[in-house]
Amino acid sequence: MKKYNKIILIALLTTLASTTCLADGNTLLTQCRSAMKLLDGDNNLDKSEVLDAGQCMGYIKGTTASFKMFKLHNTCWPESGPSTAQAARIVFKYISDNPAKLHEPEILVSALALNQAFPCM
């Protein structure tokens, strides 16, 4: 069954890649910078920043849910989390601290960030 789940995920990601241009770390950094402002209580975001914040949080929510469901990338999740806000902060910090990874697809930098934060022992 796990084999089929991974095949379905790969097919889904391939479909998404072919229908939309996959964003890279630069895009995710910009979007999540707006999310960090919002999470830190800044209510003076313009419409485009609000949209960026929503895209970051939605992307992180979907990514963490997928990783948990398919048990991908050797990431061992704590039973109670992380929350979407915590995961977004982890990914934002990782891409901020690793500018050499900004050209990589957002799915890769997200996986690297979350795996670093929650490695399997």
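Q: Let's start with helix H2. What should its 15 residues span, and how far apart are its end C-alpha atoms?
A: This is a predicted model, by the way. At 1.5 Å a residue, H2 should span 21 Å, and its end C-alpha atoms are 20 Å apart, which agrees.

Q: OK, and which residues of H2 are buried?
A: Those are Gly 25, Leu 28, Leu 29, Gln 31, Cys 32, Ser 34, Ala 35 and Met 36. The cover over them includes H3, H4 and H5.

Q: What does Ser 34 touch, leaving out residues up to four places away in sequence?
A: Leu 45, Glu 49, Asp 52 and Ala 53.

Q: What's going on at the start of H2?
A: A side-chain oxygen of Asp 24 reaches to within 3.0 Å of the backbone nitrogen of Asn 26 there.

Q: Switching topic: how many disulfides does a search of the whole structure find?
A: One. Cys 32 and Cys 56 form it, with their sulfur atoms 2.1 Å apart.

Q: What parts does that pair tie together?
A: Cys 32 sits in helix H2 and Cys 56 in helix H3, so the pair links parts that are 24 residues apart in sequence.

Q: Are those two cysteines buried or exposed? And is the link right-handed or left-handed?
A: Both Cys 32 and Cys 56 are buried. The link is right-handed, with 95° about the S-S bond.

Q: Now H5. Which of its residues are buried?
A: Glu 106, Val 109, Ser 110, Ala 111, Ala 113 and Leu 114. They pack against helix H2 (25-39), helix H3 (47-70) and helix H4 (84-97).

Q: How does the span of H5 work out?
A: H5 covers residues 106-117, and at 1.5 Å a residue those 12 residues should span 16 Å. The end C-alpha atoms of H5 are 16 Å apart, which agrees.

Technical notes
Residues are numbered from 1 along each chain as its sequence is written. This is a predicted model: local features need pLDDT of at least 70, side-chain atom pairs count only at pLDDT 80 or more; totals for chains, interfaces and linings use all residues. Side-chain values use heavy atoms; hydrogens and water are left out. Helices (H or I, at least four residues) and strands (E, at least two) are DSSP runs, numbered from the N terminus. The expected span of a helix is 1.5 Å times one less than its number of residues. Buried means under 20% relative accessible area, exposed over 50%, partly exposed in between (1.4 Å probe, protein chains only). Contact means heavy atoms within 4.5 Å. A polar contact is a pair of N or O atoms within 3.5 Å; within protein, one must be able to donate a hydrogen and the other to accept it, and residues adjacent in sequence count only if both atoms are side-chain atoms. A disulfide is a pair of cysteine sulfur atoms within 2.5 Å.
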